[in-house]
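Colleague: Can you walk me through a few parts of this one? I have some quick questions.

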Amino acid sequence: MPRILLLEDDTEIRLGLEQHLRREGFSLIPVGTGRDALLALNASGPKLDAALLDLSLPDMDGLDVLRAIRTHPTLRALPVLLVTARSEEIDRVLGLELGADDYISKPFSARELAARLRAILRRSSPFEGTERAPQLSFGPIAVDLDMHTARVDGQLVELTRREFELLAYFLANPRRVLTREKILQQVWGLEYLGESRTIDAHVRRVRAKIGEAAAEFIETVVGVGYRLGGPAGS
């Protein structure tokens, strides 16, 4: 039974979500403030499978909780779904830039919420239908699928689980143009209901983490998607 941290400050909404998600087969740790969420993460973090975070909180911004997760030594790969009533696109984009796996805007149906949670919990390989090698490399970039490590010029690069899967998918498909739809299906899972901007945010973070020289190998194909190619002129 997947164990989910549920952070929602509205008591009525939180109780409703608890009831529905438990019927859907989830185990919940419900909290109503950012402070309680941080305490729960420190106490139960290793046992969690995902976090469902409301952004509008009485004591702090939900993005601060997300930042705490992404900088935590053992929780930084925890799947996170943001819940927001904010209409501004910048808030959603910032959440994705900070490492959220997906977001859902209020109002939403409980059925859609459960589907999105299942989508981010998918642990299926991004190499569906192919036999994958334990190690993949292209130019200065290399990943070890068994050890779940990424290196650039031999130096370790810290990536979240989703960032690692995205980079590995690029390495498994060198010089192929990968549409955003294909990337969503293979890396996020066939049940994913989000938007293509999720990919763009994750690609920006991967590029930033692997460094400028290596980032040149991940090319943007305008209006289509991305391709693992090479620096200009190569």
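This is a predicted model: local features need pLDDT of at least 70, side-chain atom pairs count only at pLDDT 80 or more; totals for chains, interfaces and linings use all residues.

Colleague: Start with α1. How many residues does it have, and how far does it reach?

Modeller: Helix α1 covers residues 11–23, which is 13 residues. From first C-alpha to last it reaches 18 Å, close to the 18 Å expected at 1.5 Å a residue.

Colleague: Which of its residues are buried?

Modeller: Arg 14, Leu 17, Glu 18, His 20 and Leu 21.

Colleague: Why would they be spaced like that?

Modeller: An α-helix has 3.6 residues a turn, so residues three or four places apart point the same way.

Colleague: What is at the two ends of α1?

Modeller: At the start, a side-chain oxygen of Asp 10 comes to within 3.1 Å of the backbone nitrogen of Glu 12. Just after the helix, Gly 25 has a positive phi of about 100°.

Colleague: Which face of β6 is covered?

Modeller: The one with Leu 136 and Phe 138; Gln 135 and Ser 137 are on the uncovered face. In a regular strand the side chains alternate between the two faces of the sheet.

Colleague: Now the three-stranded sheet. What is the strand order?

Modeller: The order is β10-β12-β11, in an open sheet with antiparallel pairing. β10 (177–179) and β11 are the edge strands, each pairing on one side only. The twist from one strand to the next averages 30°.

Colleague: Which helix touches β10, β11 and β12?

Modeller: Helix α6 (residues 161–172), whose direction makes about 65° with that of β12. Helix α7 (residues 180–188) also packs on the sheet, touching β10 and β12, at about 75° to the direction of β10.

Colleague: Last one, Ile 218 in β11. Buried or exposed?

Modeller: Buried, because its relative accessibility is 3% and the cut-off for buried is under 20%.

Colleague: What does Ile 218 touch?

Modeller: Leaving out residues up to four places away in sequence, its contacts include Leu 167, Phe 170, Val 203, Ile 210 and Leu 228. Leu 167 is 51 residues from Ile 218 in sequence, with 9.2 Å between their C-alpha atoms.

Technical notes: Residues are numbered from 1 along each chain as its sequence is written. Side-chain values use heavy atoms; hydrogens and water are left out. Helices (H or I, at least four residues) and strands (E, at least two) are DSSP runs, numbered from the N terminus. The expected span of a helix is 1.5 Å times one less than its number of residues. Buried means under 20% relative accessible area, exposed over 50%, partly exposed in between (1.4 Å probe, protein chains only). A polar contact is a pair of N or O atoms within 3.5 Å; within protein, one must be able to donate a hydrogen and the other to accept it, and residues adjacent in sequence count only if both atoms are side-chain atoms. Contact means heavy atoms within 4.5 Å. Two strands pair if DSSP finds at least two bridges between them. Axes are lines fitted to C-alpha atoms, for helices over the stretch in contact, and angles run from 0 to 180 degrees between N-to-C directions.
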